[in-house]
Amino acid sequence: MNESQYAISTYPDVEAIYTRLKALTNQPIRPIRREAMADVLAYFDQKCAKSKALTDEAKQYIPGGVQHNLAFNYPFPIAIEKAEGAYLWDVDGNRYIDFLQAGGPTVLGSNYAPVREKVLEIVNNCGPVTGLFHEYELKLARLINQYMPAVEMFRMLGSGTESVMAAIRAARAYTKKKKIIKVGGAYHGWSDQMVYGLHIPGTGRMEATGIPRGANRHTQEFFPNNLAALRRKLIANRLRGGTAAVIVEPVGPESGTRPVPQDFNQKVRELCDEFGALLIFDEVVTGFRLGMGGAQGYFNIKPDLTIFGKCVTGGYPMAGGVGGKREIMMRFAAGIGGTGERAYIGGTLSANPLSCVAGYYALEEMERTNAAVIAGRAGDRLTLGLQAIIEKYDLPFVAYNQGSIVHLETSGVMLLDLKNPLKTLKEIKSRRHMIEEMGAAYMSQGLITLAGSRMYTSMADTDAVIDEAVQKFELVLSSVDGV
Ligand SMILES: Cc1ncc(COP(=O)(O)O)c(C=O)c1O
C-alpha cells in the first residue's frame, strides 16, 4: 500500500477509539444547553421560512415530507437549490459547508464542472438512455478493472442496494450454498434479505416491517470485529446449507462507525477461503473515496465480489454495480456467452450513457487530481481540529477519521448494542434526540453533516474551508451542558 495514493494517511488507533467510545456511552449524555438550543430553533424559524413552507406542503404529497432518509433533519428538512464545490445554498439563501456530500459520492466536490460538461455533451447527443449498448459502458468497466484488478468484470446497476442483491444471487448460484453472513449494525441497502441487524448489532429482524420471515431466513449477523463468532457461524452453517458469502464494509459498518482493526479484512478473507464462502466487499462508500484502488487496494485484499455505488457515477444517477472474478460474474451474462445458470438481474435505466459517462470522467478526474488523497487530508485536518476542541473543553466526545470519512460521536447512539438490551432500550431515544439536536445546531452554524455524527470531506475542502468549519464546530461544541 502506497500511502500517497490513498486517503488514509495513518490508520486510526482502533483500540483507543473503542476505549473512548465505551466511556462515552457509559456516561450520561451532554446535550446542547437549553438556552443555546432555543437559539438553534430560532435560526430555523427566522432564517429558513421558505424551506419550512415547502416541506410543510410536501408532507401532504410525500410521506414524511422528504424522499430521502438523509434529508430527515430536525426540526424540519431544508430545501437546497444550489450546490458548488464545498458549499450548498438553501432556498432562503443560507450558505452551508457541505459535509454530507450527498451521502458520499462527490469526492471531487459538488457539481464539479468538468464532469458536468461531459454529461451535458452526452445528453445533448443521445439523451440519457437508449436501452442499447454505449461505448462508455465498456470504457467505465475497463477503467474500474485497471484500478481494481480483482474486478475482472463489472456489471452496472441502479444502486448499491440492487448491487448487493445481485452479488448475493450470484454468490448463491456460484457456490450452491445458502447463508449470507453480515456484520451486525452494517447497512448494505434495503433489500428484503439485508434489512437484518440494521444500525444496532444484534437487532436481527427489528426493522423488518413488511418483510416475511422467510426472506431473511438465510441472513445472519455477527458482532462487529468478533472473528470467533464469525468462525462459529461458518462452522454451524456447514450443516445448514453452507455459507454462500460473507459481506463486509471494509472500514467497518456504517462507514467505519465501528472501525475494524487493520488486519480484520485479511482474517475474514482467510476464513472465507477456509470455509469455501465468497468474500463480498461492500465498497459503496469506500470505492474510489479511499483511493482509486478502493479499500481493497488500501488493505491489499482481493474480494471475490465488490459492490459499487455512490462514487462510481461521481454523484450522478443510477450509481451501482457489482464486479469481481470472471467465473462468478459470468452468472450475470445476458444473452450470448451465458453459462446456462443465469442469476437474473435487470434494470431499465441501468448502465445508461449518462451514468457511464459521468462515472468514467469522474474517475478520470479523481485520478488526475488525486482527489481522494486531497479529500483525505481535509478529513485529517478536520479531525485534528475537532479533537483539539474536544480536549480544550474536556468533552467526552470522540472524533476520528479514515481519510475523508470523519466521525464525530457526541451521543454514542450508534454504539449501543443488544449485549446490554436494558440500557439500549432505556437510552436509545434520548441519545438519538441528542444527535438530532447536534445536527440542527451544526446546521444553524452553516454546517451540514450526515445525521449529526458523520462527515465526508471532498477535494473542494481547502484548508480555509476546514478552518472555517472547525470554528463553527467550536461554537456548537462549547455550548453543551457542563462547559
Ligand atoms: C455501505 C453501503 N452499502 C450499500 C448502500 C446502499 O446503496 P444505495 O443507497 O445506492 O442503494 C449504502 C448506502 O448508503 C451504503 O452506505
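This is a predicted model: local features need pLDDT of at least 70, side-chain atom pairs count only at pLDDT 80 or more; totals for chains, interfaces and linings use all residues.
Student: How is the protein chain divided into domains, and how far apart do the domain centres lie?

Tutor: The domain assignment gives domain 1 (3-105 + 370-477) and domain 2 (113-368). Their C-alpha centres lie 26 Å apart. The contact takes 32 residues from domain 1 and 34 residues from domain 2.

Student: How much area is buried between domain 1 and domain 2, and which atoms contribute to it?

Tutor: The buried area is about 2800 Å², and carbon and sulfur atoms give 57% of it. On the side of domain 1, Tyr6, Tyr11 and Pro105 lose the most area to domain 2, together 23% of what that side buries.

Student: Which residues have the most contacts inside the largest nonpolar core?

Tutor: That core has 87 residues, and those with the most contacts inside it are Phe44, Phe99, Leu382, Leu386, Leu408, Phe473 and Leu477. Helix α14 (residues 421-444) supplies the largest share, eight residues.

Student: What does leucine 382 touch, leaving aside its neighbours within four places in sequence?

Tutor: Leucine 382 is in contact with Phe99, Val406, Met455, Thr457, Ile466, Val470 and Phe473, once those neighbours are left aside.

Student: Which residues of α15 are buried, and why are they said to line one face?

Tutor: The buried residues of α15 are Val465, Ile466, Ala469, Val470, Lys472, Phe473, Val476 and Leu477. Viewed down the axis of α15, they fall within an arc of 170°, so they line one face of the helix. The face turned away from that buried side carries the exposed residues Ala464, Gln471 and Leu475.

Student: How long is helix α3 from its first C-alpha to its last, and which of its residues are buried?

Tutor: Helix α3 (residues 49-61) has 13 residues and reaches 19 Å, close to the 18 Å expected at 1.5 Å a residue. Its buried residues are Ser51, Thr55 and Ala58. They cover an arc of only 55° around the axis, which puts them on the same side of α3. On the other side, Lys50 and Gln60 are exposed. What covers the buried residues of α3 includes β2 (87-90).

Student: Why is tyrosine 87 called buried?

Tutor: Tyrosine 87, found in strand β2, has a relative accessible area of 18%. Buried means under 20%, and therefore tyrosine 87 is buried. Leaving aside neighbours within four places in sequence, tyrosine 87 is in contact with residues including Lys82, Tyr96 and Val465.

Student: What makes threonine 257 count as buried?

Tutor: Threonine 257 lies in the loop between α8 (253-256) and α9 (264-275). Its relative accessibility is 4%, so it counts as buried. Beyond residues up to four places away in sequence, threonine 257 touches Leu21, Tyr400, His407, Glu409, Met414, Leu415 and Arg454.

Student: Is alanine 102 buried or exposed?

Tutor: Its relative accessible area is 52%. Exposed means over 50%, so alanine 102 is exposed.

Student: Where is phenylalanine 288 found, and is it buried or exposed?

Tutor: Phenylalanine 288 is found in the loop between β8 (278-282) and α10 (294-299). Its phi is near 75°, a positive value in a residue other than glycine. At 0% relative accessibility, phenylalanine 288 counts as buried.

Student: What kind of peptide bond joins tyrosine 74 and proline 75?

Tutor: The bond is cis, with omega about 0°. Proline 75 lies in the loop between α3 and β1 (80-84).

Technical notes. Residues are numbered from 1 along each chain as its sequence is written. Side-chain values use heavy atoms; hydrogens and water are left out. Buried means under 20% relative accessible area, exposed over 50%, partly exposed in between (1.4 Å probe, protein chains only). Helices (H or I, at least four residues) and strands (E, at least two) are DSSP runs, numbered from the N terminus. The arc is that of the directions from the helix axis to the C-beta atoms. A nonpolar core is a set of buried Ala, Val, Leu, Ile, Met, Phe, Trp, Tyr and Cys residues joined through side-chain atoms within 4.5 Å. Contact means heavy atoms within 4.5 Å. The expected span of a helix is 1.5 Å times one less than its number of residues. Domain bounds come from an automatic or database domain assignment. Buried area is the accessible area (1.4 Å probe) that two parts lose on being put together, summed over both.
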